[in-house]
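Me: I have a structure to read and I am new to this. Please walk me through it, one feature at a time.

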Number of protein chains: 2
Amino acid sequence: MKNRLKVLRAERDWSQSDLADALDVSRQTINALETGKYDPSLPLAFKIARLFALPIEAIFEDTP
Amino acid sequence: MKNRLKVLRAERDWSQSDLADALDVSRQTINALETGKYDPSLPLAFKIARLFALPIEAIFEDTP
DNA sequence: GGGTAATGTCAAGTATCCTTGTCAAAAAGA
DNA sequence: TCTTTTTGACAAGGATACTTGACATTACCC
């Protein structure tokens, strides 16, 4: 599943650490999400969507 | 995180087994989701949303 | 009442998500 | 160039998601 985290983060000029802090997860988790190592849990996906004020479907793409 | 699975399923008169088959997961997984044992993974949440033709936010509620 | 379908639940195992800690390489700034 | 920041990556461990198999309870139908 692809995601737009890197772009959304760049638009705000945030580092991976900044985003991790805002979401209360580790920097490694953000890095793993951005580099496609795994998908977030549903609760984390909601947190991300809320932070960026976007629907989940606007951030994560449902294609393998 | 609450969800509307039971209602959506009832609207279609589906058993937990029917839904499990449609989503290609075990019946126990559906039961666990409906009884609040745990939340689905993001990929499964997308599958559920696609099946019911609804946004994820219309099925899962982002409140602990 | 007896039979069958549907639901709830448990246990044990595998897979996935997320953690801390660490290191190396790339990028950015002076 | 030197220094700092940022990113990518790995290992080991804990937490969560999902599996199969089994069993008990409940609901429905005859």
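Me: What does Asp62(B) form a salt bridge with?

Reply: A salt bridge is a side-chain nitrogen of Lys or Arg within 4 Å of a carboxyl oxygen of Asp or Glu. Here Asp62(B) pairs with Arg50(A), and the closest N and O atoms are 2.8 Å apart. Between chain B and chain A the count is two salt bridges.

Me: Before we go on, how should I take the numbering and the values?

Reply: This is a predicted model: local features need pLDDT of at least 70, side-chain atom pairs count only at pLDDT 80 or more, and totals for chains, interfaces and linings use all residues. Residues are numbered from 1 along each chain as its sequence is written, chains are lettered from A and ligands numbered from 1 in the order in which they are written, and side-chain values use heavy atoms, with hydrogens and water left out.

Me: How many residues of chain B are in contact with chain A?

Reply: Contact means heavy atoms within 4.5 Å. By that rule, 14 residues of chain B touch 14 residues of chain A.

Me: How much area do chain B and chain A bury between them?

Reply: Buried area is the accessible area (1.4 Å probe) that two parts lose on being put together, summed over both. For chain B and chain A it is about 1200 Å², with 68% on carbon and sulfur atoms. On the chain B side, Leu42(B), Phe46(B) and Asp62(B) lose the most area to chain A, together 49% of what that side buries.

Me: Is Thr29(B) buried or exposed?

Reply: Buried means under 20% relative accessible area, exposed over 50%, partly exposed in between (1.4 Å probe, protein chains only). Thr29(B) has 18%, so it is buried. Leaving aside neighbours within four places in sequence, Thr29(B) is in contact with Tyr38(B) and Leu44(B).

Me: Which residues come nearest to DNA strand D?

Reply: A residue is near a strand if one of its heavy atoms lies within 4 Å of it. Of the 20 residues around DNA strand D, Gln16(A), Ser26(B), Thr29(B), Tyr38(B) and Ser41(B) come nearest.

Me: Where do polar side-chain atoms lie by a phosphate oxygen of DNA strand D?

Reply: Take Ser26(B): a polar side-chain atom lies 2.8 Å from a phosphate oxygen of DNA strand D. For Asn31(A) the distance is 3.1 Å. For Lys37(A) it is also 3.1 Å.

Me: What part of the DNA is within 4 Å of the protein?

Reply: Of those atoms of DNA strand D, 60% belong to sugar or phosphate and the rest to bases.

How values were computed:
Polar contact = N/O pair within 3.5 Å; in protein donor to acceptor, adjacent residues only side chain to side chain.
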